[in-house]
Amino acid sequence: MKKNDLTYLIFLSVILAVYYLVLGLNIHSKGYYNHESLFYIEKARIVFQGMGNRLKVIGLTAPILPFYGIMPFIFNYSLAPYIASAIGTAVLFLIIGICTLKTTKDPFYMLVLLALFIFHPGIIYMAGCGKSIYIIIIFFFLFFYNTFRFYYSNTTFHISISSILLVALVFCDYRFIWMTLFFVPLVISISLQSLNLAEKQSIFRLFLSFNNPSLRRKLVNKTFAVYIIIFILPLIAILCYKILNQTHANDFNYFLDNPYATWNVLVNKLESTVTPSTDNYKLPEVSFLTSVRVIIYCPLLVLGGFLLRHNIQHLLTLLIPLALVEFLKIEYPDNFLSQQYYLIFIFMSFMAVLFKSNIVSQSNIYKYAIGACIVVELVTGYSYLNNSFFESEKNFYAIATQPKPDNGLENQSRYDEYIDVAAFINSMPRNSRILVDDANAYPIAAFVKNMQKLTLPYQNIFLSAIENPSTYVDYILVASNSNKVGGYTQLNEKYKAIMQSKNNIMMDRNYESDNWIIYKLREKNPGRN
Amino acid sequence: MSFNNTMYETLPVCEILINDQFITRSNLDEINDFSQRSELSFIKIALTFGYISRKNYERSLINAGYTFADTTVRDEAFDEAVLNKLDLKYVCNFFALPLRIENNQVVTLMADPTDQEFINFVRETYKMEPRIILASDLDICWLSHKLLGENYVKSAVFALRQSDPANSASTTFTTQQLVFLFAGFALTVFFLFYNFIPVSIVLNVVVSSFFLISIVFKLFLALLGSRFEMHQAVTREEVRNVVDDDLPIYTIQLPVYKEDKLIKKLIWNLQSLDYPREKLDIKLLIEEDDSKTLNAVKDLNFPAIFDVVIVPFHMPKTKPKACNYGLYFSRGKYLTIYDAEDIPDTDQLKKVITLFEKLPAHYICIQCALNYFNRNENFLTRMFTLEYSYWFDYMLPGLDTLDIPIPLGGTSNHFKLDKLIELGGWDPFNVTEDADLGLRAYSKGYKVSIVNSTTYEEANNEPFNWIRQRSRWIKGYMQTYLVHMRNPIKLIKKVGIKGFLGFNFFIGATPLTFLIYPVLLFIFFTYVVFDFSFISAIFPNWVLFISIFNLLIGNVLMVYINMMAVFKRRFYELILFSLANPVYWILHSISAYKGLYQLIVNPFFWEKTNHGLSKTSQTNANPTTTL
């Protein structure tokens, strides 16, 4: 790779970053929000503006890497996730660009890459939505890129780097840990390939090695070693992280299941759960059909598979993400697959054709085929985003394509409500304190200007404040009965009833929206001790 | 037994050997030709370049009517005036030694009683006829070095101390270092008394952070090293293109002490080296009091291909002293050191020469990878293999890539002889003279490189032996650290900030981590098992968070680095043993405390490692297989 090429690439990346920033901030200014970014904003504000034991928030907020990813941009909390995703996507372009330049000199690939990054709606969504998709894709791409490089270089370096990248990937999205399952056949194939046998056909190599004790031992040893070298690091990292969760939160799975630790819990409830009503309207993502959806979304994958057909290892590697999404539909049958699980195939297929650039560069037919696939991908990308099962994805498309935001969007009105509640809290007297449970109220807390006003669960006084609110706070934010995620908090209408009956407290309704109520506390008999 | 002049004027020894068919006429021509080119005597070439075994030589001469003096010859009286006219190197070349004047004759020990050149030398030097006592070359060698080697051995011990006292470990702690250490200790104790908990927390965090940084840096180095694992510094093609006639003389030093069991193996290993025999200058360095090894050499019933050098007794009795002594008798352009049990890759010397020719002139040393042939013998050998694989295959190439001083391994480091002498040789007071030399070379502007060739050694398979060896290494690291940190500013100026940090992380941090490890482990287990409140006090939540992170991530990363290394070596069966590293480190800690104790009470004591304990066949090493 020439120095000049790198300079141009960096220049292009900067231009892209600006393009994504303008786009993302524009959409944000039109009122686009999502739970994930609001969750990170709230946690970042706790870390930098909160008072009390913030260690748990720093260490156990999950997924941890996307959370840390917004940290460099906290000079503006509300924009930090959007800046992070815009710059992160540009960095992704830079990384893929560097890999491309290292692999091939054919400018065709750079054009394809540029076209994808400028026009593909999924990538634009990744850059502008403020979610952590960019970081997932970065580590996903690098993981598979290094795995492919391992096939060619056969160095421990690439396989170890792959392993480290897999750790990073898992700490961006825990579900990728399931990928380890689908590496079993691949690892056997790698080991089989490394055996010194005259036979070329994999199936016969397998037969020979199973029937010869010495070869069998070698095969088992190597398979085991490769598997260990790739997966021990992620598995132990997860184990360590679980121990850390246990020591600090008394729950091994705190980072997975607890709404204080991760946004997934609420989003699963609010956005991605398959409900009977959606089933009636949309083609469901069910096993088998998921693969069809993926291929329609990314036809380049088929061409990639065709190009890699002669090498069983490469082909199996290409199929691993497909197996993963199929598995996810089985493991999490109630959840839809969000955009990143489709986007990975765009990059996977690009990687496949990139590694076969020597064949592609020699034939214009392949180039036309790739071009055609890219055009189809752009179209299906728009279609998939527009018809997404996720409100946040669909809203992004809607807001991005409409000159003025449609306030009628269901999901968006919910964010307006969060903003309104936060605005009310912001308008409270300077020294007033309000008890908030950010298990479900983090979107509100994210909009509150002064975090010192809030008494939140990360603080030691929170439990005391719940038991004896009048001593610690002036207001309580309570989830109303109609709140879909009211069950995640103790601060709901039941709590209000208990407090009023047990304690000497009167709770006056100060503010009310569809899902939230703010009560002002007042003692029934001020004279009594 | 002495002979009159008529006897040695009869049939030359070479003819006797030909008559007895121990050598052929063509062998004789070769020897004479080689003798003319090298100025070595016939007997020297015949006995030390693999033409005839000592047993056969003795047998042949006895058949011819000669009688060999027994070992009491070493107690023969000598005359200082006679010895003063002799040069050790000269007499060693002829395996002959004039001892005293008796009855107007020079009583002379000779291994070849018919060597006219030496007989003429005696006549011309002393103006008398020699009275020859036929003795074994080894006895003569022993006596020559004992009687004439004093100046050499003194120089071997004190040369560096005199020429470069700042780099000599003869002083373990300087006054400034003692003041610094005690002042630091006193201040820490004072602050602990003054405000125990905050100071403990600070110490805790400093130690934890140090551990983590050290481990992450090691991972970084390992990755860097692994990146170039397929890079061949010298290819097979390049080795094939080496022209034997153009090769220079190569000195191989073999410092041994009580290695009688390994002598035969040693010869087999050396014979497999792909290098012209007459261009090898192999020195077997035997201590004066090591009669076991000397007798083993004497009893060999096949030709030896090494020259025995007896190292006269002088304290400290260390390997570097022996090597320094051997330098005075080395003839090579390049020099390397092997241990008695080493099995170098057969093409190693050629690879090194090829690489030296490719590298700029300021590269004066090339380190080969070390590994073990008996890796599957027991738990200890497996762990040792893991450790060495990681050290030599990843860490050293990583350091090399970053241009950080490389702590040389104990053997298989190949030097340019003139540069080695310029550096002052090894420090005889330092028990890890190799690590010290690496840094000394770097600080003088020289560089060390790595070559893709491996020497297989015998891994220590016995725990107490292992601890002895390791305690010496760790003590040596402490010595080296103390020597070079006498003036840190000067060190930074010499090796740069990168070199300084590298030195601190590798030489300095290694003993420190092993010393701290059991303390932290103890605190951790006490905390987990007993949950003492005072431990909780010095581990507030955030410190606990950092500490647990360090404990887990640190251990995992170290385990993983070890896994990577054996993966690269294709020792797949060892991969799971990496998980046992935390246990293995306890052994390191025991050795570290032993080393620390010795550093204070007996800094120059050389803890001897017993070799030859392995029951594993060395053929498993596959020495021809290179990386």
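1. How far apart do the C-alpha centres of domain 1 of chain B and domain 2 of chain B lie? In this predicted model, the distance between those centres is 42 Å. Domain 1 of chain B covers residues 2-148, and domain 2 of chain B covers residues 165-627.

2. The two domains touch through 17 residues of domain 1 of chain B and 19 residues of domain 2 of chain B. On the side of domain 1 of chain B, the elements giving two or more residues are helix 5 (54-63), helix 7 (88-94) and helix 9 (137-148) of chain B. Helix 9 of chain B gives the most to this side, with 5 residues. By class, this side of domain 1 of chain B has 8 nonpolar, 5 polar and 4 charged residues.

3. Chain B also touches chain A, in a contact that takes 20 residues from chain B and 24 residues from chain A. Two elements of chain B, helix 12 (196-227) and helix 24 (541-568), are those that give two or more residues to the chain B side. Of these, helix 24 of chain B gives the most, with 12 residues. The chain B side divides into 14 nonpolar, 2 polar and 4 charged residues.

4. An open, mixed sheet of 8 strands is found in chain B, with the strand order 7-6-5-8-11-10-12-9. Its edges are strand 7 (307-311) and strand 9 (343-344) of chain B, each pairing on one side only. Within the sheet, strand 10 (residues 363-372) and strand 12 (residues 447-457) of chain B are parallel and share 9 bridges. One position to look at is B:Leu370, which stands opposite B:Thr455 in strand 12 of chain B. Across strand 10 and strand 12 of chain B lies helix 18 (residues 379-402) of chain B, which runs at about 155° to strand 10 of chain B.

5. Domain 1 of chain B spans residues 2-148, and the next items have residue numbers in that range. Strand 2 (residues 96-102) and strand 3 (residues 105-110) of chain B pair in the antiparallel sense over 6 bridges. B:Glu102 stands opposite B:Gln105 in strand 3 of chain B. This hairpin has 2 residues between the strands, and B:Asn103 has a positive phi near 55°. B:Asn104, in the loop between strand 2 and strand 3 of chain B, also has a positive phi, near 60°. B:Asn104 counts as exposed because 8 other C-beta atoms lie within 10 Å, and the cut-off for exposed is 12 or fewer.

6. B:Lys127 has a phi near 55° and is found in the loop between helix 8 (116-126) and strand 4 (129-134) of chain B. With 8 C-beta neighbours inside 10 Å, B:Lys127 is exposed. B:Glu39, which follows helix 3 of chain B, has a positive phi near 65°. The length of helix 3 (residues 25-38) of chain B agrees with expectation, because its 14 residues should span 20 Å at 1.5 Å a residue and its end C-alpha atoms are 20 Å apart.

7. A cis bond joins A:Ala62 and A:Pro63, with omega about -5°. A:Pro63 lies in the loop between helix 3 (55-60) and helix 4 (64-69) of chain A. In chain B, a cis bond joins B:Met315 and B:Pro316, with omega about -5°. B:Pro316 sits in the loop between strand 7 and helix 16 (319-327) of chain B.

Methods: Residues numbered from 1 in each chain as written. Chains lettered and ligands numbered in written order. Predicted model: local features only at pLDDT ≥ 70, side-chain atom pairs only at ≥ 80, totals over all residues. Domains from an automatic or database assignment. Contact = placed C-beta atoms within 7 Å. Helix = DSSP H or I, 4+ residues; strand = E, 2+ residues; numbered from the N terminus. Nonpolar A, V, L, I, M, F, W, Y, C, P; charged D, E, K, R; others polar. Pairing = 2+ DSSP bridges. Axes fitted to C-alpha atoms, helices over the stretch in contact; angles between N-to-C directions. Expected span 1.5 Å × (residues − 1). Buried ≥ 20, exposed ≤ 12 C-beta atoms within 10 Å, placed from the backbone.
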